[in-house]
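Colleague: I'm new to reading structures. Could you walk me through one?

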Amino acid sequence: MARNILVVGELVGGQPTPTTLELVSGAAGLAAGGNVSVTLLGTGATAAAAACGGAGTAYASDDAGYDTFRAEQWLPAVEAALDQANPDLVLISQSTPGRELGPRLAHRRNTAVAMDCTSIVDEGGAFKATRPAFGGNAVATYGFATTPAMATVRAKSFEIAGGAGPSSTVALPGAGESRTNVTGHEQVVAEGLQITDASVVVSGGRGLGAAEGFEMVEALANAIGSDKAAVGASRAAVDLGWYPPSQQVGLTGKVVTPNVYFAIAISGASQHLAGCSGSKVIVAVNRDADANIFNVAKYGIVGDYKTIVPAIIEELKKG
Ligand SMILES: Cc1cc2nc3c(=O)[nH]c(=O)nc-3n(C[C@H](O)[C@H](O)[C@H](O)COP(=O)(O)OP(=O)(O)OC[C@H]3O[C@@H](n4cnc5c(N)ncnc54)[C@H](O)[C@@H]3O)c2cc1C
């Protein structure tokens, strides 16, 4: 059944974010011949539409007033696109703006939103959304009783397929007044590959024994490749001051969805799993065979990380 799907896109530096491109590709796969459209708001939006391979229509406004996300300004624009696109499904990134937009948009449209989804499928003509529940210990699947169905979706839940960009662009109105005055921005300087973008995340926990243990974790990440792997940490390791809070994975840290997640000397507490259970493959190294991490790991190695990790590095070096 052909479906119309609207993606609420986001721009960084005038370019669609990777998650926007993933959602457009995912929408193209689900639309079954229906129209896929994308909203883009802010400086460079109209030009950025060309990068959204798989979308048929872009709803765009280049108004710089949208550059700083303010829900009260974005919502009328997204609703204007929604009125025209008449979607069966609205996909929004599980980003900071998306987390605010999703519930507010759903409330305005008298519908419901499934938050923090990791997959959306069409099951016999009905959309089903899957999301981790109970801190990542269970997976919940939701159906939608109202239309349009809405979901906020984690990064890397869909592959970017590319393809031709939109054949038509519809201008959205500029940003209206805002009751919020943003007085400045402070950019967190993060060097190198971010754990949220890396295809491999190598994380260390309290079982490393000391901050120096992270040298071995970093050596493993380097052996995999600095363009592919980034280093994460459990909260226990971060709280001990062994690694920066920016690298914390989990409920109160970052949610990562890499192809491969290495959990080195991490017990696998539910709050940690909340941040990594969406990984495609989890590899655990732990000296306790009963550690909870082995319940979610695809590959588990029981032993002391000080012997296991160098052995993995040696194997990687052999190519
Ligand atoms: C509200 C709340 C929010 C939280 N948010 C987060 C969060 O975002 N992220 C997070 O990570 N945690 C979070 N936590 C904390 C969480 O509950 C755990 O305490 C924490 O994840 C434990 O970290 P860990 O696995 O590194 O340490 P531990 O639980 O102490 O586990 C260390 C592991 O290392 C193994 N080990 C020890 N020595 C070695 C060795 N030489 N070789 C191999 N293995 C070894 C041990 O067998 C053990 O399994 C949160 C807790 C609360 C209450």
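Predicted model: local features only at pLDDT ≥ 70, side-chain atom pairs only at ≥ 80, totals over all residues.

Colleague: Which residues come nearest to the ligand?

Modeller: Of the 27 residues around the ligand, the nearest are Gly 205, Gly 207, Ser 234, Arg 235 and Gly 250. Two or more residues each come from helix 6 (235-239), helix 7 (270-276) and strand 16 (281-286). Those labels are DSSP runs numbered from the N terminus: helices are H or I with at least four residues, strands E with at least two.

Colleague: And how do I read a sheet?

Modeller: Strands of a sheet pair through backbone hydrogen bonds, either parallel or antiparallel. Two strands count as paired if DSSP finds at least two bridges between them. Here, an open sheet of five strands runs in the order 14-13-15-16-17, with parallel pairing.

Colleague: Which strands stand at the edges?

Modeller: Strand 14 (229-233) and strand 17 (299-302) do; each has a single partner strand, so one side of each is left without a neighbour in the sheet. Strand 13 (residues 200-204) pairs with strand 14 over five bridges, in the parallel sense. Within that pairing, Val 200 stands opposite Ala 229 in strand 14.

Colleague: How many helices and strands are in the protein chain?

Modeller: Nine helices and 17 strands.

Key: Residues numbered from 1 in each chain as written. Near = placed C-beta within 6 Å.
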